[in-house]
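The sequence and the model are shown first, and the description follows.

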Amino acid sequence: MYPKHLLLLVLLTLATAARSADNITEYFLDTVDSGEGSWPCLFYELNYNTDITLAERGKWYSADEDESYWREGFGPFSIDGGKFLVTQWQSTIHPILIRRHFTLTAEDLVKIEIGVVNMEYSYDENPTFWLNGTRIATATGWNDDNYATLRFTNARKKLLVEGDNVLCVSLQQGAGGGHIDYGLSVTYDPTHTAIDEIGEDPDGEGNEAWYDLSGRQITNGPLTEGKSHGIVITRGKKMIRH
């Protein structure tokens, strides 16, 4: 028989260590800061800051925007040719609108539901962000070369859909420099759904997940002969068998 303190330690390990396993971060939209360099997009340069308001009346940020007159390009954008691996943007003259499309699968939506979704953005100046037609963030001024982080609430997560998504931003012209780099990521525990769902037994047939006392999964389904020691997770509950 295993010492009680060892069994308790293993039980606590399975209950918490699986949750604290190395989280995985996946980028739906890369930034330069994430190490991926430039990113494809559609963009449109306006003449005056007031034109942004006019464009908003036309819902330029919507998913069904007519993109036939938009220019294809690569971000980030900046007035400084040596900054952010950029496409040059004459930010002292023109405001800019940017649309970035990305595709999500059903599996991605599960990761989003259980994970932490962040938008990271470095800007200059006065950006407004829209996700699938809904405004999700605005900022005043600029943040130099730093990156702000917007953590998605559950309400923002629900704006993400299976299939095509679009994350848009508008920026005003200013007297000084100007730039934009922004992206979207999810960080999640890859063991989360496997642990939670494996013991739910939706078909009522007594399926279980078995782990040995080192935390290694032995098998799914009823315990086979010869595996008498371990921890079983069934119907979402953990029990020690020895």
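The buried residues of helix α3 are covered by, among others, β1 (24-29), β6 (96-104), β7 (116-124), α4 (154-157) and β12 (179-188). The model described here is predicted. Helix α3 spans residues 106-114, and its buried residues are Asp108, Lys111 and Ile112. These residues lie on the same side of α3, because the arc they cover around the axis is only 100 degrees. Glu107 and Glu113 are exposed and belong to the face of α3 that is turned away from the buried side.

An open sheet is built from six strands, in the order β3-β2-β6-β11-β8-β9, with antiparallel pairing. At its edges stand β3 (71-75) and β9 (134-138); each has a single partner strand, so one side of each lacks a neighbour in the sheet. On average, neighbouring strands of this sheet are turned by 30 degrees against each other, direction ignored. Within the sheet order, β8 and β11 are adjacent. Strand β8 (residues 128-131) pairs with strand β11 (residues 163-171) over four bridges, in the antiparallel sense. In this pairing, Phe129 is placed opposite Val169 of β11.

Phe129 also belongs to a cluster linked by ring pairs, together with Trp39, Phe43, Phe77, Tyr121, Tyr123 and Tyr182. The count of aromatic pairs in the model comes to 14. One of them joins Tyr69 and Trp70: the ring centres are 6.2 Å apart and the planes stand at 35 degrees, so this pair is classed as tilted. Tyr69 is partly exposed, whereas Trp70 is buried. The pair of Tyr121 and Tyr123, by contrast, is stacked, with 5.6 Å from centre to centre and 25 degrees between the planes. Tyr121 counts as buried, and Tyr123 is buried as well.

| Residue | Relative accessible area | Class |
|---|---|---|
| Tyr69 | 43% | partly exposed |
| Trp70 | 7% | buried |
| Tyr121 | 9% | buried |
| Tyr123 | 9% | buried |

Two arginines are placed over tryptophan rings. Which residue lies over the face of Trp70? Arg99 takes that place, at 5.7 Å from the ring centre. The charged end of Arg100 sits over the ring of Trp39, at 3.9 Å from its centre. Trp39 is itself one of the members of the aromatic cluster.

How values were computed. Residues numbered from 1 in each chain as written. Predicted model: local features only at pLDDT ≥ 70, side-chain atom pairs only at ≥ 80, totals over all residues. Heavy atoms only, no water. Phe/Tyr/Trp six-rings, centres within 6.5 Å; stacked < 30°, edge-to-face > 60°. Buried < 20%, exposed > 50% of the residue type's maximum accessible area, 1.4 Å probe, protein only. Lys NZ or Arg CZ within 6 Å of the ring centre and 35° of its normal. Helix = DSSP H or I, 4+ residues; strand = E, 2+ residues; numbered from the N terminus. Arc of directions from axis to C-beta. Contact = heavy atoms within 4.5 Å. Pairing = 2+ DSSP bridges. Axes fitted to C-alpha atoms, helices over the stretch in contact; angles between N-to-C directions.
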